[in-house]
Amino acid sequence: MIHARITGTGSYLPGEPVSNEDLVRRGIDTSDEWVTSRTGISSRHLATAETGSSDLACKAAERAIEAAGCEAEDIDLIIVATSTPDYIFPSTAALLQSRLGIRNGGAAFDVQAVCSGFVYALSIAEKFIRSGSHKRALVVGAEVFSRILDWSDRSTCVLFGDGAGAVVLEASEQPGVRATALHADGSHHPILCVPGGVASGQVIGDPFLRMDGQAVFKFAVKVLGDVAHEVLELADCPVDSIDWLIPHQANIRIIQATAKRLGVPMEKVITTVERHGNTSAASIPLALDLAVRDGRIRPGHRIVLEGVGGGFTWGAALVDF
Ligand code: ACO
């Protein structure tokens with residue numbers, strides 16, 4: 001039987017950290033006390049106006065490929081999860097493939113599931129690999145959310161950051177990704193959306209992120225608890241077999257409430273929201289790479305990755321690392 005295993009991780013954050021006090025200095029009507037007490041966020045990284053998701057994705061991908069000990073040419077599938085692509089088309093994945101110097105490569109496409117995007121992309125790549133059609137996938141979450149923030153809306157602009165994370169997923173005889181579950185309910189789209197587009201050279205609608213924070217909070221805690229249980233049941237694994245929980249990094253209070261609902265102590269939860277803010281599809285692979293590189297996550301550890309985001313979408317993956 002063919003399994004799909006993570007063999008390398010990488011990540012990239014642009015520029016220097018931007019603290020809550022820095023945002024105040026930039027004219028945002030907020031305070032460090034308000035942001036940290038409600039969200040746990042102390043700082044985030046923000047890309048320059050010239051930096052696209054493909055730039056961040058490329059740096060994260062190069063690190064993941066190096067960690068996997070392979071060459072870019074060995075990659076036969078690229079999936080980039082992003083809601084902030086460089087262009088309407090081609091996909092960020094196609095741009096990334098070109099940046100990595102891969103010619104006549106395998107499939108490359110983007111997945112748009114907002115903050116659940118990385119879990120969606122990982123689940124799709126795992127199915128390609130288990131089918132035998134592909135051998136080595138690069139799965140990336142890359143976002144420049146600063147491009148879609150309304151910097152005059154203090155209730156949203158303080159929450160997000162930019163960055164990218166990547167994994168190499170390979171065909172293996174040993175189990176890796178043991179179970180995945182993906183869900184969506186589009187009827188909740190008004191509580192978190194960027195309700196605009198482009199037509200005839202004009203912005204149609206509203207090009208900025210809009211959110212009903214309290215509705216998002218309640219929804220996120222419920223579905224993150226449910227979907228983690230779902231993958232554990234699918235793989236027939238008890239909760240106490242998890243070494244690490246890596247939830248989407250939106251808000252420390254959502255993370256704490258989810259861990260409590262699941263019965264996982266906070267010592268087993270990887271958090272980066274304090275220093276990264278919410279980097280949407282990049283948050284889970286960024287947290288994974290950080291914990292792999294600082295030695296907390298080691299080969300053989302069992303991890304639950306789970307995300308929730310606009311759509312609404314949500315999903316989880318149970319992974320033996
Ligand atoms: N600084 C200072 N004051 C602020 C700020 C700010 N940055 N933002 C809002 N306020 C004020 C409001 O104007 C309001 O003032 P008022 O009472 O005088 O009208 C007051 O703070 C309270 O506003 P609320 O919106 O009620 O604040 P709440 O306690 O609900 O916290 C928050 C808002 C942090 C967004 C919370 O609802 C939350 O964490 N929601 C989850 C949303 C989330 O994490 N989204 C991420 C994207 S979704 C995802 O990734 C799944």
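This dialogue reads one predicted model from its overall build down to single residues.

Visitor: What should I know before reading the model?
Guide: Residues are numbered from 1 along each chain as its sequence is written. The model is predicted: local features need pLDDT of at least 70, side-chain atom pairs count only at pLDDT 80 or more, and totals for chains, interfaces and linings use all residues.

Visitor: How many helices and strands does the protein have?
Guide: Helices (H or I, at least four residues) and strands (E, at least two) are DSSP runs, numbered from the N terminus. Here there are 10 helices and 15 strands.

Visitor: How does the radius of gyration compare with that of a compact globule?
Guide: The radius is taken over C-alpha atoms, and the globule rule is 2.2 Å times the number of residues to the power 0.38. For 321 residues the rule gives a value near 20 Å; the protein has 18 Å, which agrees. Along the principal axes, the C-alpha trace spans about 55 × 45 × 40 Å.

Visitor: Which domains are assigned?
Guide: Domain bounds come from an automatic or database domain assignment. Domain 1 covers 3–173 and domain 2 covers 178–320. Their centres, taken over C-alpha atoms, are 14 Å apart.

Visitor: How many residues of each domain are in contact with the other?
Guide: Two residues are in contact if their C-beta atoms, placed from the backbone, lie within 7 Å. By that rule, 45 residues of domain 1 meet 44 residues of domain 2. On the domain 1 side, the largest share comes from α5, with 7 residues. That side divides into 21 nonpolar, 19 polar and 5 charged residues. Ala, Val, Leu, Ile, Met, Phe, Trp, Tyr, Cys and Pro count as nonpolar, Asp, Glu, Lys and Arg as charged, and the others, Gly among them, as polar.

Visitor: Is Asp236 buried or exposed?
Guide: A residue is buried if 20 or more other C-beta atoms, placed from the backbone, lie within 10 Å of its own, exposed if 12 or fewer, and partly exposed in between. Asp236 is exposed, because it has 9 such atoms. Asp236 sits in the loop between α7 and β13 (244–247). Across the protein, buried residues make up 51% of the 321.

Visitor: Which residues touch the most other members of the largest nonpolar core?
Guide: A nonpolar core is a set of buried Ala, Val, Leu, Ile, Met, Phe, Trp, Tyr and Cys residues joined through C-beta atoms within 7 Å. The largest one holds 99 residues, and Ala61, Ile79, Ala125, Val139 and Val140 touch the most other members. Helix α7 (residues 213–234) gives the most to this core, 9 residues.

Visitor: Where does UniProt place the active site?
Guide: UniProt positions are given in the numbering used here, feature names are shortened, and annotations may be inferred rather than shown by experiment. The unreviewed entry places "active site" at Cys115, His248 and Asn278. They are spread over 164 residues of sequence, yet cluster in space: the largest C-alpha distance is 8.7 Å.

Visitor: What surrounds Cys115 and His248?
Guide: Cys115 lies in the loop between β5 (107–111) and α5. Cys115 is buried, with 32 other C-beta atoms within 10 Å. Leaving aside neighbours within four places in sequence, its contacts include His248, Ala250 and Ser280. His248 is in the loop between β13 and α8 (252–262). His248 is also buried, with 31 other C-beta atoms within 10 Å. Beyond four places in sequence, His248 touches residues including Cys115, Ser283 and Glu306.
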